[in-house]
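Biologist: Can you walk me through this one? I'd like to go over the helices and the sheet.

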Amino acid sequence: MRILVAGATGVVGHPLVGALRARGHRVSALVREESRAPDADDIVVADALDREAVLSAVSAARPEVVVHQLSALRLLRDDPVEAFAQTARLRTEGTAHLVEAARAAGARRLVAQSIAFAAAPEGPPVLDEDAPLHVDAPDLGWAATVRAVAELERLVLDGGPDLAGAVLRYGTLYGPGTAYARDGGTAMRVLAGKFPLPEGGAGITSFLHVEDAVGAAVAAVESQATGVFHVTDDEPAPAAQWLPHYARVLGGPPPRTVPAALAPRLLGWFMTHQLTAARGAANDRARTTLGWKPLRPSWRDGLGRE
Ligand SMILES: NC(=O)c1ccc[n+]([C@@H]2O[C@H](COP(=O)([O-])OP(=O)(O)OC[C@H]3O[C@@H](n4cnc5c(N)ncnc54)[C@H](OP(=O)(O)O)[C@@H]3O)[C@@H](O)[C@H]2O)c1
């Protein structure tokens, strides 16, 4: 198939281009800077926020399937405000541009990256895809992020009768290039003893190795299935389990326990929420409908090792 990958220089997008080519697909890489493009059959250049440029790049590639792996979360370490603001624009404007361009180019399928940790913290500890999103989160920044996620998902799923949409809600990514890699931002904070465990540590994280994010994207490209899918490992885990394990594997100090009320000052609202209240994400739908399963079923085997 002819496939266009937007975000082809990214932690997921870059290996995805190679994985799709290894399966015999013809892959166009959409990038902002040609010099940074991965090995691809074709390179097209556009800023995803520039509608005309996206329309022209996608029409030149004439893809049957468009894959959306755009985010600006790489900026998180240096400028979190800008990282979230740019990512929200990519999820709303960038997605709208890709949907319009995919339709205009005659693509029949769009596969887009989303996140599996945006559900409202209600109900059982592990949720399926039908659980409501946390669009009314008490933190205005996180509420804005989740509303942008909801808009991305709406745009992808409402692409019209000729454009089938699949949304992959990735769990918290770990592995090379991510924040949880040994040289990533989260690892640095844990090693410096600046990532405390709020008392109880009952918030649940569903992790996902980057290789499994790539594998799920390949499965979604080749599938006919539409809808929203949690792409997560098989072992949703409370912070009280994974954080001390991660610190130990990294070779850092055990995380100190702090009163929950103090945590937002030390960790910010979002991370406190993740560590105290967040729900995990069940991957049954991706297994049964996409025919995908994680090759790294448990974070225990790899988190903090690479
Ligand atoms: N589920 C999760 O845990 C999750 C989800 C998303 C992201 N993250 C974090 O983000 C990183 C990995 O995920 P990722 O692969 O989604 O992100 P990434 O590695 O930052 O890749 C994002 C891609 O989007 C492209 N992009 C950004 N702005 C663009 C624009 N205006 N126009 C065109 N392309 C643009 C980037 O291109 P350039 O090279 O030109 O910048 C890059 O190819 C890790 O640090 C990870 O920890 C985590």
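Biologist: In what sense does H1 pass H6, left-handed or right-handed?

Modeller: This is a predicted model, and in it H1 passes H6 in a right-handed crossing. The axes of H1 and helix H6 (residues 210-222) come within 9 Å and cross at roughly 50 degrees. H1 and H6 are therefore oblique to each other.

Biologist: Which residues of H1 and H6 meet?

Modeller: From H1 there are Pro-15, Leu-16, Ala-19 and Leu-20, and they meet Val-214, Ala-217, Val-218 and Val-221 in H6. By class, the contact of H1 with H6 has eight nonpolar residues, no polar and no charged.

Biologist: Which strands does H1 lie across?

Modeller: Helix H1 (residues 13-22) lies across strand S1 (2-6), S2 and strand S4 (65-68). H1 runs at about 170 degrees to S1.

Biologist: OK, the sheet then. What is the order of the strands?

Modeller: The order is S3-S2-S1-S4-S5-S7-S12, in an open sheet of seven strands with parallel pairing. Strand S3 (42-45) and strand S12 (227-231) are the edge strands, each pairing on one side only. Neighbouring strands of this sheet are turned by 20 degrees against each other on average, direction ignored.

Biologist: How many bridges join S2 to S3?

Modeller: Four bridges join strand S2 (residues 26-31) to S3, and the two run parallel. Ser-28 stands opposite Asp-42 in S3.

Biologist: And H4, which strands does that lie across?

Modeller: H4 lies across S4, strand S5 (109-115), strand S7 (164-170) and S12. Relative to S5, H4 runs at about 165 degrees.

Biologist: At what angle do the axes of H3 and H4 cross?

Modeller: Helix H3 (residues 80-104) and helix H4 (residues 140-157) have axes that cross at roughly 10 degrees and come within 9 Å. That makes H3 roughly parallel to H4. H3 passes H4 in a left-handed crossing.

Biologist: Which residues make that contact between H3 and H4?

Modeller: On H3 they are Phe-84, Ala-88, Arg-91, Thr-92, Thr-95, Ala-96 and Val-99. On H4 they are Thr-145, Ala-148, Val-149, Glu-151, Leu-152, Leu-155 and Val-156. The contact of H3 with H4 divides into nine nonpolar, three polar and two charged residues.

Biologist: What about H2 and H3, at what angle do they pack?

Modeller: Helix H2 (residues 51-61) and H3 pack at an angle of about 35 degrees, and their axes are 9 Å apart. H2 passes H3 in a right-handed crossing. Arg-51, Val-54, Leu-55 and Val-58 in H2 meet His-97, Leu-98, Glu-100, Ala-101, Ala-102 and Ala-104 in H3. The classes in the contact of H2 with H3 are seven nonpolar, one polar and two charged residues.

Biologist: Last topic, the record. Which residues does the UniProt domain annotation cover?

Modeller: The UniProt annotation, from an unreviewed entry, reads "domain: NAD-dependent epimerase/dehydratase" and covers residues 3-226.

Biologist: How far apart do the end C-alpha atoms of residues 3-226 lie?

Modeller: They lie 17 Å apart. The span of residues 3-226 is 38% helix and 20% strand.

Methods:
Residues numbered from 1 in each chain as written. Predicted model: local features only at pLDDT ≥ 70, side-chain atom pairs only at ≥ 80, totals over all residues. Heavy atoms only, no water. Axes fitted to C-alpha atoms, helices over the stretch in contact; angles between N-to-C directions. Parallel < 35°, antiparallel > 145°, perpendicular 65-115°, else oblique. Left-handed = near helix turned anticlockwise from the far one by under 90°. Contact = heavy atoms within 4.5 Å. Nonpolar A, V, L, I, M, F, W, Y, C, P; charged D, E, K, R; others polar. UniProt positions renumbered as here; feature names shortened; annotations may be inferred. Pairing = 2+ DSSP bridges.
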